[in-house]
Amino acid sequence: QRNAKLRGSRRASSIPGLGNWSGPVVVSDSTERDTKPATKWQILVDFLDLTLLKDPIYVNIVLGISFALYSDLAFFTLQPMYLFMLSFSKSDVSLIIAIGAGADLISRIFLAISSTCLNIKARYVYLAGALFTIVARFGFLCVFDFYGMAIVTAIMGFLRTWIHVPLPLVFSEYLPQERFPSGYGLFMFLQGNITFAIGPIVGYIRDVTGSYTVSFHCLTLVMALCVIPWFFEICYYRLKRKARKGEPVQHVTIPMIQETKA
C-alpha cells in the first residue's frame, strides 16, 4: 500500500499544474509511441523529396525546362541533315554549325558580363531565350541560302546559351537552400524520363511525313510548351499580388471605456 502511494505521488509530482487535483489522472507513458516502420513508398518519397510535386510552380518549371531542353537538343541534331537535304556541301554545313557554336561561346561571355551589371531573374532570362528561339526558328525555315542560314544559326546559337546556362539558377532562385539538391536531382530524374518518353515521337513524325519542316514545327510547338505555361503563371501571380495590394484595409474601432465614479 505504501509503494502504491509512492508511485501515485511520483506520477502526480511529475505533472506540473495539477495542483491539489484528487480525481483520476490518465497519463500516457513517453515510451508508448508509434513505432511502425516506414513503408517503402514513404522511404521513396523522403529520398526523392517527392512532396515537391505538390507545388504547381515547381512542376511548371520542371516541365517547361524539360520540354525546352528536348526541343533544343533534337533541333540541332536534325539541323545538319536538313542542310544536306537543301544541297549544302559538307564544308558549308560544317561552317554553319561552327558559326552557331561560336555565337554560343560569345553569348556565354556576354551573359557572364551582363549578369554583373543587370539584376534580372534567371527564369526571365530563360523565358526570353525560349521565346526568341521560337521566333528564330520560323526565320530558319524561311531562308535557303548560305548567308541567311549562317545568320539565323548564329542567332539561335546565341540564344541557346540563355536556355542552358541559367538552368540551375532557375531552381536556386525558387527553392530554399536546403531543398535545392533534392529539387534539382528530382528535376534531372524527371527530365530524363520525359526525354526518353517523347524522344522517338519527332523521329516517327519525320519518317511518316518525310518532311523536316513538319518535324521542326513540332519541335517549335514543344518549345512553346515551356513559354506559354510560364507566361500565364507569371501573369496570374502578378495579378494576384496586385489584387492583394489593392484590397482595402479594414479599420477596427475600439470602443472607449469610461470610468464611472461610485
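A salt bridge is a side-chain nitrogen of Lys or Arg within 4 Å of a carboxyl oxygen of Asp or Glu. E233 and R123 form such a pair, with their closest N and O atoms 2.7 Å apart. The structure is a predicted model, in which local features need pLDDT of at least 70, side-chain atom pairs count only at pLDDT 80 or more, and totals for chains, interfaces and linings use all residues. Residues are numbered from 1 along each chain as its sequence is written, and side-chain values use heavy atoms, with hydrogens and water left out.

**Salt bridges**

- A search of the whole structure finds 4 salt bridges.
- The bridge between E233 and R123 links distant parts of the chain, since E233 lies in helix 9 and R123 in helix 5, 110 residues apart. Helices are DSSP runs (H or I, at least four residues), numbered from the N terminus.
- Both E233 and R123 are buried. Buried means under 20% relative accessible area, exposed means over 50%, and partly exposed lies in between (1.4 Å probe, protein chains only).
- R160 and D72 meet through their side chains in another salt bridge, at 2.7 Å from N to O. This pair also joins distant parts of the chain, with R160 in helix 6 and D72 in helix 3, 88 residues apart.
- D72 is buried because its relative accessible area is 2%, whereas R160 counts as partly exposed because its relative accessibility is 23%.
- D104 and R108 form a salt bridge at 3.2 Å, N to O. Because they are 4 residues apart in helix 4, about one helical turn separates D104 and R108.
- With a relative accessible area of 14%, D104 is buried, while R108, at 38%, is partly exposed.

**Nonpolar core**

- A nonpolar core is a set of buried Ala, Val, Leu, Ile, Met, Phe, Trp, Tyr and Cys residues joined through side-chain atoms within 4.5 Å.
- The largest nonpolar core has 30 residues, and those with the most contacts inside it are Y82, F140, M149, F216 and L219.
- Two or more residues of this core come from each of helix 3 (56–85), helix 4 (90–117), helix 5 (122–140), helix 6 (146–164), helix 8 (180–209) and helix 9. Helix 3 gives the most, with 8 residues.

**Surface patches**

- Patches are made of residues with over 30% relative accessible area and no salt bridge; like charges are joined within 9 Å, and nonpolar side chains (Val, Leu, Ile, Met, Phe, Trp, Tyr) within 5 Å.
- Accessible areas come from the Shrake-Rupley method with a 1.4 Å probe, and for residues only the protein chains shown count as cover.
- K121, R238, K240, R241, K242, R244 and K245 form a positive surface patch. Lys and Arg count as positive and Asp and Glu as negative, while His and the chain ends are not counted. The place of a charge is taken as NZ of Lys, CZ of Arg, CG of Asp or CD of Glu.
- K245 belongs to helix 9 (residues 212–245), and K245 counts as exposed because its relative accessibility is 73%.
- L105, I109 and I113 make a nonpolar surface patch of about 310 Å². I109 is placed in helix 4 and counts as partly exposed, because its relative accessibility is 48%.

**Backbone**

- Most residues other than glycine have a negative phi. S87 has a positive phi of about 70 degrees, although it is not a glycine.
- S87 lies in the loop between helix 3 and helix 4, and S87 counts as exposed because its relative accessibility is 67%.
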